[in-house]
Amino acid sequence: MSSPESGSTDTTPSTDATPSTPPESITAVPLRHPGQWIAAVIILGVAGLFIYGAATNPAYKWDTYGKYLFDTRIIEAAGWTLALTVCAMALGVVLGVIMAIMRLSPNPVLRAVAWVYLWVFRGTPVYVQLVLWGLFGSIYKQIDLGVPFGPTFFHIDVQSINAAFLFAIIGLGLNEAAYMAEIVRAGITSVPEGQMEASVALGMTWPQTMRRVVLPQAMRIIIPPTGNELISMLKTTSLVTAIPFSLELYGRSRDISSVNFQPIPMLLVASTWYLAVTSLLMVGQHYLEKHYSKGASRVLSERQLAELAQAETMEGGR
């Protein structure tokens, strides 16, 4: 250290220095997006013009629309549509799970059979398949089960029965199974292989591993596309007129329009019911996805945040 006579100063910081003042708070101003407001105004304007034009256009015949919207025949047709959707989707899901397991099986015969099934039903239009099911009575006039060249234990005269509803379910269900098989297979393969190895180490068989370990975890992947397939199935029921089965929504609205010669309002009636049922299915899909997504998201719910804050408060009090 230099002496006082040298004129140099001591640069050692003083211990009694006053602390520095904190910086001023920054007032954050959100960015303005005038383009979003302009786009919203334009979209609302176009939507308003469309609604006004549709409301004042006599071609829509809104009086006929209101008359048949809650007609008994339309409500019954909505019930038939729901029945077709539920039954065909149940058949498709069951067969889809079986086909997916067959495709993942170590047995080459099962894998080949599953591949051929998917190739046929995904490679041909569903309308063509339904037409063939409508002609099932012409292709197979009767079905006999028994010993070849021996006694018959079971006999059905296909042409004598009216099974349009059954054929509609079979046609829709078999087609849906081909798509559900790929959805289920994608969900199964998304589960880490270590889960299966751990199950085998615990002594579980392959079916037990699939039923108790793999499928419950795969549901998180399977549910969203299955919900989309269910909504698609609801709309695909309009094609069962090819069998022919005309008691569902589209078939019934078409039959009524062939009498009153007003197809436009009847199509609007059918579309309104399709939208209403689809909305209910979307709500159910949302809660089902929420149920199976527990523990998968890093975002805590309000209840979890409240419990975490309460635990931290208790820890601080100690």
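Predicted model: local features only at pLDDT ≥ 70, side-chain atom pairs only at ≥ 80, totals over all residues.

Entry 1, salt bridges. I looked up how many salt bridges the structure holds, and the count is 3. I then asked which residues are linked in a network, and I found Arg 103, Glu 182 and Arg 185.

I took the pair of Glu 182 and Arg 103, whose side chains meet in a salt bridge at 2.9 Å, N to O. This pair links distant parts of the chain, since Glu 182 lies in helix 7 and Arg 103 in helix 3 (residues 72-104), 79 residues apart. Next I turned to Arg 185, whose side chain meets that of Glu 182 in a salt bridge, again listed at 2.9 Å from N to O. Here both residues, Arg 185 and Glu 182, lie in helix 7 and are 3 residues apart, about one turn of the helix.

Is Glu 182 buried or exposed? Its relative accessibility is 17%, and because buried means under 20%, I count Glu 182 as buried. Arg 103 has 25% relative accessibility and counts as partly exposed, and Arg 185, at 26%, also counts as partly exposed.

Arg 73 is partly exposed at 38% relative accessibility, whereas Asp 71, with a relative accessible area of 17%, is buried.

I then looked up how helix 5 (residues 126-134) packs with helix 7 (residues 164-189), and I recorded an angle of about 145° with the axes 9 Å apart. The crossing of these two helices is right-handed. On the side of helix 5, I listed Val 126, Gln 129, Leu 130 and Trp 133, which meet Phe 167, Ala 168, Ile 170, Gly 171, Leu 172, Leu 174 and Asn 175 in helix 7. Sorted by class, this contact of helix 5 with helix 7 has 8 nonpolar and 3 polar residues, and no charged ones.

Terms used. Residues numbered from 1 in each chain as written. Heavy atoms only, no water. Axes fitted to C-alpha atoms, helices over the stretch in contact; angles between N-to-C directions. Helix = DSSP H or I, 4+ residues; strand = E, 2+ residues; numbered from the N terminus. Left-handed = near helix turned anticlockwise from the far one by under 90°. Contact = heavy atoms within 4.5 Å. Nonpolar A, V, L, I, M, F, W, Y, C, P; charged D, E, K, R; others polar. Salt bridge = Lys/Arg side-chain N within 4 Å of Asp/Glu carboxyl O. Buried < 20%, exposed > 50% of the residue type's maximum accessible area, 1.4 Å probe, protein only.
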